[in-house]
Amino acid sequence: MQAKELVGVYDADSGLRGEAAYVWGRLRGSRHCSLCDITHSPLRRKPSWDELLARLPVPFTTLHLNEMPADVADVVRTAGAPVVLIRTETDLTVMLDAADLERAGGDVQRFEQVLHSRLEAH
């Protein structure tokens, strides 16, 4: 099946309250989102992330926990977050789990290599 979309789900909520809770948890050492580390520097979205998005053969949507539609929430309830999902005509499944994202170490190039290898295998 051909990929129609990739969906990345951060392990954080959006909005001022969600961002503040994440930053506070990060400072205390109780919160960490490896997808956040890949897409953002401490101050803003990484330019290398935007460059990757422009090169991908399918759209890549990122969502926070409080933004998920029902089908994404169903998968994340089982798989956990952070996660990257792949949507096809008939399915929505895990492409990269939290351990895969953690192994990228916040590096967009490393993430891209793993993502492309999984897309080719799919």
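These legends walk through several close-up views of one predicted model. Residues count from 1 along each chain as its sequence is written, and side-chain values rest on heavy atoms, with hydrogens and water left out. Because the model is predicted, local features need pLDDT of at least 70 and side-chain atom pairs count only at pLDDT 80 or more, while totals for chains, interfaces and linings use all residues.

**View 1. Arginine 87 and glutamate 5 meet in a salt bridge.** Here a salt bridge is a side-chain nitrogen of Lys or Arg within 4 Å of a carboxyl oxygen of Asp or Glu, and a search of the whole structure turns up eight of them. In this pair the N to O distance is 3.0 Å. The two partners come from distant parts of the chain, 82 residues apart: arginine 87 sits in strand 3 (residues 83-87) and glutamate 5 in strand 1 (residues 5-9). Helices (H or I, at least four residues) and strands (E, at least two) are DSSP runs, numbered from the N terminus. Glutamate 5 is buried at 18% relative accessibility, while arginine 87 is partly exposed at 21%; buried means under 20% relative accessible area, exposed over 50%, and partly exposed in between (1.4 Å probe, protein chains only). Asp71 joins Glu5 and Arg87 in a network of salt bridges.

**View 2. Arginine 55 pairs with glutamate 112.** The closest N and O atoms of this salt bridge are 2.7 Å apart. Arginine 55 belongs to helix 3 (residues 47-55) and glutamate 112 to helix 6 (residues 108-121), so the bridge ties together parts that are 57 residues apart in sequence. Arginine 55 is partly exposed, with a relative accessible area of 47%, whereas glutamate 112 is buried at 14%.

View 3. As a friendly reminder, an α-helix has 3.6 residues a turn, so residues three or four places apart point the same way. Arginine 77 is exposed at 62% relative accessibility, and aspartate 74 is partly exposed at 44%.

**View 4. Helix 4 has a buried face.** Val72, Ala73, Val75 and Val76 are the buried residues of helix 4. Down the helix axis they fall within an arc of 165 degrees (taken from the directions from the axis to the C-beta atoms), so they line one face. Their cover includes strand 1, strand 2 (60-63), strand 3 and strand 4. Ala70, Arg77 and Thr78 are exposed on the other side of the helix. Just after helix 4, glycine 80 takes a positive phi of about 85 degrees.

**View 5. The largest nonpolar core has 22 residues.** Such a core is a set of buried Ala, Val, Leu, Ile, Met, Phe, Trp, Tyr and Cys residues joined through side-chain atoms within 4.5 Å. Leu6, Phe111 and Leu115 have the most contacts inside this one. Helix 2 (34-39), helix 3, strand 3, strand 4 (92-96) and helix 6 each supply at least two of its residues, and helix 6 gives the largest share, four. Beyond its neighbours within four places in sequence, phenylalanine 111 is in contact (heavy atoms within 4.5 Å) with residues including Ile38, Trp49, Phe60 and Leu101. Another core, of nine residues, lies apart, with Val7, Leu63, Val72 and Val76 among them.
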